[in-house]
Amino acid sequence: MARGVMLMSGGIDSPVALHYLLRQGHEMIAVHMDNRPFTDDSPLEKVIDHLALLRARYGQPIPLFLVPHGSTQITLMRSTDRHVGCVLCRRFMWRAAERIAEREGATFLATGEALGQVASQTLANMRSATAAVRLPIVRPLIGLDKREIETVARSIGTYGISTRPGVCCQAVPDRPATRSHLVQIANEETRLDVNAIVDDCLRRAVQL
Amino acid sequence: MPIGDRAGADSEPATASPRLAPSPSIPWPAYRTLELCSSRGGFEAVPLREVRWDLAQVRRRLERARIPVVDARVLLIATLPPAVTIARSGRLLFKTPVAVEATAAFDRLRAVLSGASS
């Protein structure tokens with residue numbers, strides 16, 4: 001079995017995806033990209049509670065890394081085309097996760113994405129987002145629909161945590177692109193010091 | 001240097017400077033009733049007619065009232081408290097699930113921006 005890094009949002013999907021990977025026996029590390037001040041405290045609280053539940057179920061330590069992401073969001077909002085903000089945001093999440101994976105000796109990244117659920121999860125946007133990293137990305141939920149995911153979430157006890165009240169990410173643009181192009185994304189990033197942004201976030205990351 | 005002048009600066013709030021130039025009041029639109037947002041974590045206020053606020057001017061008004069502001073250029077986050085997201089369109093999101101707190105924050109924001117007491 002392998003060691004992997006799982007992006008945890010506090011939503012319904014990521015704990016279900018983590019559950020499948022833990023069930024297969026993989027050794028998992030969790031990363032939460034902290035979107036405050038564009039959200040409230042609830043996503044982090046949910047991730048902490050999801051992990052407590054899954055640690056108890058699978059007897060794994062599942063370390064959690066909290067990576068500040070609000071500063072990156074502000075930079076993106078100030079310097080790049082809002083239309084592709086979600087794709088650019090995801091690229092920075094993947095980069096941070098990959099750096100942590102390399103540091104922790106993990107060989108794959110994982111996410112709770114399912115095809116077509118939201119704007120950031122179209123095939124074109126997934127491709128644009130994940131082109132930022134080299135490690136393989138595992139998506140245990142890719143072919144499931146929302147109802148199937150919710151059924152599993154209820155059965156493992158994470159649904160009630162995920163659906164507690166919280167503030168949605170306020171950095172999401174009014175009309176996010178659903179068919180981004182890698183050339184355009186790369187062009188947007190020429191306005192940014194990508195490595196410096198990732199370095200800064202990881203310097204401020206903490207393990208909880 | 002105020003934090004909003006620096007791309008990449010986020011959660012360190014800007015505070016009011018005594019040397020800030022006078023800032024005109026912000027035209028305050030009529031709003032729909034405050035409503036709990038879909039994820040139930042905050043209360044949303046949407047203008048009856050969309051406005052086009054000058055967020056730099058809004059920020060100056062907030063700073064003059066010594067309200068910490070994070071400036072993301074396309075939106076502001078002011079900590080009244082509670083924190084409120086202010087969009088250029090006039091849409092407001094108060095990050096509290098408590099209606100009384102959201103209403104009080106709405107009234108304070110209106111007073112600060114428009115100069116009118118509630």
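In chain B, helices α1(B) and α2(B) are roughly perpendicular to each other, a label for angles of 65 to 115 degrees. This briefing concerns a predicted model, in which local features need pLDDT of at least 70 and side-chain atom pairs count only at pLDDT 80 or more, while totals for chains, interfaces and linings use all residues. Residues are numbered from 1 along each chain as its sequence is written, chains are lettered from A and ligands numbered from 1 in the order in which they are written, and side-chain values use heavy atoms, without hydrogens and water.

**Helix pair in chain B**

- The axes of α1 (residues 55–64) and α2 (residues 99–114) of chain B come within 9 Å and cross at roughly 105°; axes are lines fitted to C-alpha atoms over the stretch in contact, with angles from 0 to 180 degrees between N-to-C directions.
- Helices here are DSSP runs (H or I, at least four residues), and strands are runs of E of at least two, numbered from the N terminus.
- Val58(B), Arg61(B) and Leu62(B) of α1(B) are in contact with Leu109(B), Val112(B), Leu113(B) and Ser114(B) of α2(B), contact meaning heavy atoms within 4.5 Å.
- That contact comprises five nonpolar, one polar and one charged residues; Ala, Val, Leu, Ile, Met, Phe, Trp, Tyr, Cys and Pro count as nonpolar, Asp, Glu, Lys and Arg as charged, and the others, Gly among them, as polar.

**Interface of chains A and B**

- Chain A contributes 20 residues to the contact and chain B contributes 23 residues.
- About 1700 Å² is buried between chain A and chain B, with 56% given by carbon and sulfur atoms; buried area is the accessible area (1.4 Å probe) that two parts lose on being put together, summed over both.
- Pro37(A), Arg78(A) and Gln170(A) supply 38% of the area that chain A buries against chain B, more than any other three residues.
- The side of chain A that touches chain B has seven nonpolar, eight polar and five charged residues.
- Zero salt bridges are found across this interface; a salt bridge places a side-chain nitrogen of Lys or Arg within 4 Å of a carboxyl oxygen of Asp or Glu.

**Salt bridges**

- Over all chains, the structure holds 19 salt bridges.
- In one of them, Asp49(A) pairs with Arg164(A), and the closest N and O atoms are 2.8 Å apart.
- Asp49(A) is in helix α2 (residues 42–58) of chain A and Arg164(A) is in the loop between α7 (159–162) and α8 (182–189), 115 residues apart.

**Backbone features**

- Most residues other than glycine have a negative phi, and most peptide bonds are trans.
- The peptide bond from Leu80(B) to Pro81(B) is cis, with omega near -10°.
- Pro81(B) and Pro82(B) are also joined by a cis peptide bond, with omega about 0°.
- Ile62(A), which is not a glycine, has a positive phi of about 40°.

How values were computed:
Angles under 35 degrees count as roughly parallel, over 145 as roughly antiparallel, 65 to 115 as roughly perpendicular and the rest as oblique.
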